[in-house]
Each structure stands twice: as C-alpha cells, then as structure tokens.
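Here is a short briefing on one model. Look it over before reading on.

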Amino acid sequence: MRTTGDTRARILAAATELFRRQGYAATGMKQILTTAGATYGSAYHFYPGGKSELGEDVVRTSGAAYLALIGELFQDRAADPAETTARAFTGAAQTLLDLDYADPCPIATIALEIAGTDEALRVATAEVFESWTDALAAFYGSFGIVDSRATARSVIALLEGAFMLGRSMRSTAPVHDAAPAAAAIVRAAAGPPVAGRTEGEAL
C-alpha cells in the first residue's frame with residue numbers, strides 16, 4: 001500500500017532525474033507527475049509553491065546526498081591529499097560514464113539556468129555549493145593546508161567544468177585530464193612536506 005510519503009518521494013525522485021537529464025526549464029510538472037505516477041492534487045499538496053518549491057527541495061535533498069558522497073571520496077585522512085583528490089576525479093569520471101553523460105552533479109544544471117531569474121533557487125544552490133566547500137575545506141585543513149577554503153573551491157570548480165566538457169563531448173577524457181591539475185592545485189596549496197609530520201597530521 002502506497003503512503004503519502006511514498007508519493008512525495010516519487011515526485012522528488014522523478015524531478016531530480018528529469019532536472020538532471022534535461023534541465024529545469026525544459027521539464028514541466030506534467031512530465032514530472034507522469035513519471036512519478038502522481039496527481040496534480042498530490043503535487044500541490046506537498047509543493048504548494050509549484051515547480052519552484054519542488055526545485056528547491058531537489059537542490060537541497062540532492063545536495064545533501066552529494067555531500068555524503070564527498071565525505072566518502074575524501075575520507076582517507078592517512079593518504080596524500082593530492083592523490084586522494086586525483087582518485088576522486090577518477091571516480092567522478094566513472095560516474096559520468098555510468099550516467100550515460102547525464103549531469104552527475106545534482107544541482108549544476110539548475111544553478112546555471114536560474115541564477116539570474118529565481119532568487120529562492122539561487123540561494124538554495126549557493127548554500128549547497130557552500131556546504132560542499134565546507135566539507136572539502138575541512139578535509140584539506142586536516143592536512144595543514146592554510147588556505148583550505150580557496151583550495152576546495154578551486155577543486156570543485158575544476159570538477160564542475162570538467163563535467164560540463166565531458167557531457168558536451170560525451171567523453172570522460174576532460175574529467176581524467178582534470179585529475180592531475182586538481183592534484184597539482186592541492187599539492188601547491190599544501191607546500192613542501194614539514195619535517196617530522198606524518199601524512200594526514202594537521203599542523
């Protein structure tokens with residue numbers, strides 16, 4: 001027996017996948033509800049603000065899930081942070097391939113489309129990007145990287161750009177090519193090894 005929670009989850013999942021694959025503007029509520037097997041009544045029960053409110057929920061929910069993935073990719077605090085970063089890019093390339101070149105980033109497509117037209121969605125995407133930056137900066141900071149926040153933003157920007165090129169070219173090459181560049185950014189930020197300090201030990 002389906003519950004109201006199931007219905008909301010189906011609507012959210014359908015919207016997330018459709019926004020990821022074809023963009024926010026190109027996706028209508030009718031298509032979302034058809035994919036979810038839900039009615040207009042149920043949609044506006046959960047999202048009285050309509051598509052914009054649903055889009056905000058997609059951004060925040062997907063952003064939280066992606067944040068957990070970042071935690072998994074960057075959890076090895078005993079390894080070299082530059083090497084860990086390069087491995088994360090390799091994993092991201094595989095994700096791009098597995099998704100058949102749909103956008104692996106759950107909010108990038110929405111962020112590009114609505115940054116100048118929908119303030120609520122712009123704020124939601126900005127807050128999600130900041131949460132990712134916080135998590136990655138904490139990881140780099142644990143290795144004694146002083147400017148860990150700028151380093152995190154640079155790595156995220158490089159990955160998002162590589163995803164965009166990879167999607168347009170239908171190739172994982174841009175993501176693989178970006179991996180050593182991301183590692184170099186981290187290595188340069190870390191500076192020369194400090195005598196007597198083991199890898200992963202913060203200053």
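This is a predicted model: local features need pLDDT of at least 70, side-chain atom pairs count only at pLDDT 80 or more; totals for chains, interfaces and linings use all residues.

Residues are numbered from 1 along each chain as its sequence is written, and side-chain values use heavy atoms, with hydrogens and water left out.

**Confidence**
- The average pLDDT (the predictor's confidence in each residue, from 0 to 100) is 87.
- At least 70 is reached by 90% of the residues.
- Residues 195–203 stay under 50. The model has 20 contacts (heavy atoms within 4.5 Å) beyond four places in sequence for residues 195–203.

**Helix α5**
- Helices are DSSP runs of H or I, at least four residues, numbered from the N terminus.
- Helix α5 covers residues 81–98. Its 18 residues should span 26 Å at 1.5 Å a residue, and the end C-alpha atoms are 26 Å apart, which agrees. The expected span is 1.5 Å times one less than the number of residues.
- D80 caps the N-terminal end, with a side-chain oxygen 3.0 Å from the backbone nitrogen of A82.
- Just after α5, D100 takes a positive phi of about 55°.
- Buried residues (under 20% relative accessible area, 1.4 Å probe, protein chains only) of α5 include P81, T85, F89 and L96.
- The buried residues of α5 pack against α4, α7, α8 and α9.

- Y140 touches P81 and T85, among others, not counting residues up to four places away in sequence.

Note on methods. Helices (H or I, at least four residues) and strands (E, at least two) are DSSP runs, numbered from the N terminus. Buried means under 20% relative accessible area, exposed over 50%, partly exposed in between (1.4 Å probe, protein chains only). A polar contact is a pair of N or O atoms within 3.5 Å; within protein, one must be able to donate a hydrogen and the other to accept it, and residues adjacent in sequence count only if both atoms are side-chain atoms.
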